[in-house]
Amino acid sequence: PDESNSALVLISARQALPKNWRELLSSDFQNVPLEKLLEEVPEDQFDGQPLRFRRTKDGIVIYSVGPNKNYQGDALDRLEEFDENFIRVDFRLWDVERRRQPPLPPRPKAKEDANGK
């Protein structure tokens, strides 16, 4: 929903990220009075439950369990195993000190075998 996207944009501009949904739903996030960003946690369209919120070592991930109903919001935790073809629905916000990092070097392309595979 548009409200969810707006809330994520607003919190990404802050100096600190919320620790959990309760803090995000608070009308006084970071001791700065503002209208409530969200009235309730948005629903995961795949299972009808609230979207998941997970704190990582360098930010937060808000995610859906996805079409297979088993995604854990961890696709970017292990970049060396990242699968571009895996269907995932997530939104990651980095802590301020982890933003504006240089890009990672390109991953090596898989070598073709004698059959061109």
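Analyst: Two strands count as paired if DSSP finds at least two bridges between them. The model discussed here is a predicted one.

User: Over how many bridges do β1 and strand β2 pair?

Analyst: Strand β2 covers residues 59–63. One of its residues, Y63, is the bridge partner of R52. β1 and β2 run in the antiparallel sense, and the number of bridges between them is five.

User: Which element has the highest mean pLDDT?

Analyst: Across the chain the average pLDDT is 76, and 70% of the residues score at least 70. The lowest mean among the elements, 58, belongs to helix α1, residues 2–12. The highest, 90, belongs to β1.

User: With which residue does R92 form a salt bridge?

Analyst: The structure holds six salt bridges. In the one formed by R92, the closest N and O atoms are 3.3 Å apart. This pair links distant parts of the chain, 34 residues apart: R92 lies in strand β3, and its partner lies in the loop between β1 and β2. The partner is D58.

User: Which elements give two or more residues to the lining of the largest pocket?

Analyst: The largest pocket has a volume of about 460 Å³. It is lined by 16 residues, and the closest to its centre are D58, L79, W94, R98 and L104. The elements that contribute two or more residues to this lining are β1 and β3.

User: How many charged residues does the lining of the largest pocket have?

Analyst: Sorted by class, the lining includes six nonpolar and two polar residues. The count of charged residues is eight.

User: What is the phi of K69?

Analyst: Most residues other than glycine have a negative phi. K69 sits in the loop between β2 and β3. It is not a glycine, yet its phi is positive, at about 60°.

Key: Residues numbered from 1 in each chain as written. Predicted model: local features only at pLDDT ≥ 70, side-chain atom pairs only at ≥ 80, totals over all residues. Heavy atoms only, no water. Helix = DSSP H or I, 4+ residues; strand = E, 2+ residues; numbered from the N terminus. 1 Å grid on protein atoms, 1.4 Å probe; cavity = no way out; pocket = protein on both sides within 12 Å on 5 of 7 lines; lining within 4 Å. Points joined across faces, edges and corners; volume = space filled by probe spheres on them. Nonpolar A, V, L, I, M, F, W, Y, C, P; charged D, E, K, R; others polar. pLDDT = per-residue confidence, 0-100. Salt bridge = Lys/Arg side-chain N within 4 Å of Asp/Glu carboxyl O.
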